Amino acid sequence: MSATPSAASLHIVIAGAGPAAQALVRRLAGTADTRQQRPFGGTITVLSNRDDCPDALLELAELPQVSVRFGQAASFIDPDAKVVTTMDGMDFSYDQLVIATGSAPALPPVAGSEASLSYSTIDDAANIGEAVHDVARIVGRRPLGILVGNGPAAGQAEAVLRARGVRPVRTTLRPAAVVRSIAGSPLPATGIVFEDGSSMNGDLVVLAEERTARNDLAESAGLLIASDGGIAVGRDLATSVPGIWAIGDAASCDGLRLGLLLSAESSAMLCASGMLLGVVGSDQLAPLAA
């Protein structure tokens with residue numbers, strides 16, 4: 001039986017390169033704006049399905065213990081051999097594996113949705129807050145927001161809008177299109193139109209439609225999948241297979257997408273603690289999920 005790797009020799013592979021994955025790399029590499037609980041001298045390989053190189057990811061790739069493989073989406077996990085295989089057939093061995101493959105919209109995009117705001121995870125609250133501040137300054141009054149969606153994400157989005165001074169008008173009927181503001185207006189979108197020609201108008205539009213977890217990679221390893229389609233994790237973010245963790249919107253805890261429970265930074269904290277310390281207090285998640 002091989003010895004358990006020390007923190008100095010640990011090799012962690014992260015499948016995915018979105019906000020949760022990036023937050024985890026920052027925490028493991030000691031660049032997060034928090035005190036590291038235990039020094040980590042191991043190595044990290046990030047498997048990104050993107051061919052482009054976002055600045056945030058390039059900064060992480062410059063760290064000496066981090067290797068980012070662009071355009072190398074993970075496609076299969078052999079949990080017995082502890083090997084991840086990419087779409088191109090490259091194999092990466094790991095001591096600990098983190099699945100951070102995120103989620104995808106359950107429905108095709110609404111026409112013109114690029115002009116609207118989106119709420120899919122708790123991290124989107126900050127972006128919405130900034131947008132609301134700008135809209136309020138432009139219109140000179142309390143903004144009127146059109147909220148589209150049904151389910152937990154829409155409920156959270158409504159609470160976020162109210163907390164930031166927006167008067168939300170919510171519809172569960174999916175629109176045919178988002179209405180862009182008139183040419184020259186600094187407002188990106190001002191309403192929605194439905195299939196029957198009726199419409200709703202306001203100062204901003206927020207789409208908070210449901211999403212589905214990208215769980216194909218987890219299924220290849222025989223991981224337990226939750227009833228909502230997410231990768232089932234415990235409160236320490238461990239999956240049903242030892243040595244494999246799931247963070248971000250691909251995971252599900254207590255029947256809810258993890259992205260709606262925890263911010264990327266909080267997920268990174270819990271996951272890093274679990275991998276490096278082996279023990280995470282179960283009470284750390286409950287207050288954040290309340």
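**Cores.** I started with the largest nonpolar core, which has 56 residues. For me a nonpolar core is a set of buried Ala, Val, Leu, Ile, Met, Phe, Trp, Tyr and Cys residues joined through side-chain atoms within 4.5 Å, and buried means under 20% relative accessible area (1.4 Å probe, protein chains only). Ile14, Leu24, Ile99 and Ile244 are among the residues with the most contacts inside this core. Helix 7 (residues 264-277) gives the most to this core, with seven residues; helices (H or I, at least four residues) and strands (E, at least two) are DSSP runs, numbered from the N terminus. Another core, of 17 residues, lies apart and includes Val135 and Leu161.

**Ground rules.** I am reading a predicted model, where local features need pLDDT of at least 70 and side-chain atom pairs count only at pLDDT 80 or more, while totals for chains, interfaces and linings use all residues. Residues are numbered from 1 along each chain as its sequence is written, and side-chain values use heavy atoms, with hydrogens and water left out.

Next I followed five strands that form an open sheet, ordered 3-2-1-7-18 with parallel pairing; strands pair if DSSP finds at least two bridges between them. Strand 3 (66-69) and strand 18 (244-246) are its edges. I found three bridges between strand 7 (residues 96-99) and strand 18, and Val98 has Trp245 as its bridge partner there.

**Asp203.** Last, I looked up Asp203, in the loop between strand 14 (199-201) and strand 15 (204-207). Asp203 is buried, at 7% relative accessible area. Its contacts (heavy atoms within 4.5 Å) beyond four places in sequence include Val135, Arg142 and Leu187.

Notes
Buried < 20%, exposed > 50% of the residue type's maximum accessible area, 1.4 Å probe, protein only.
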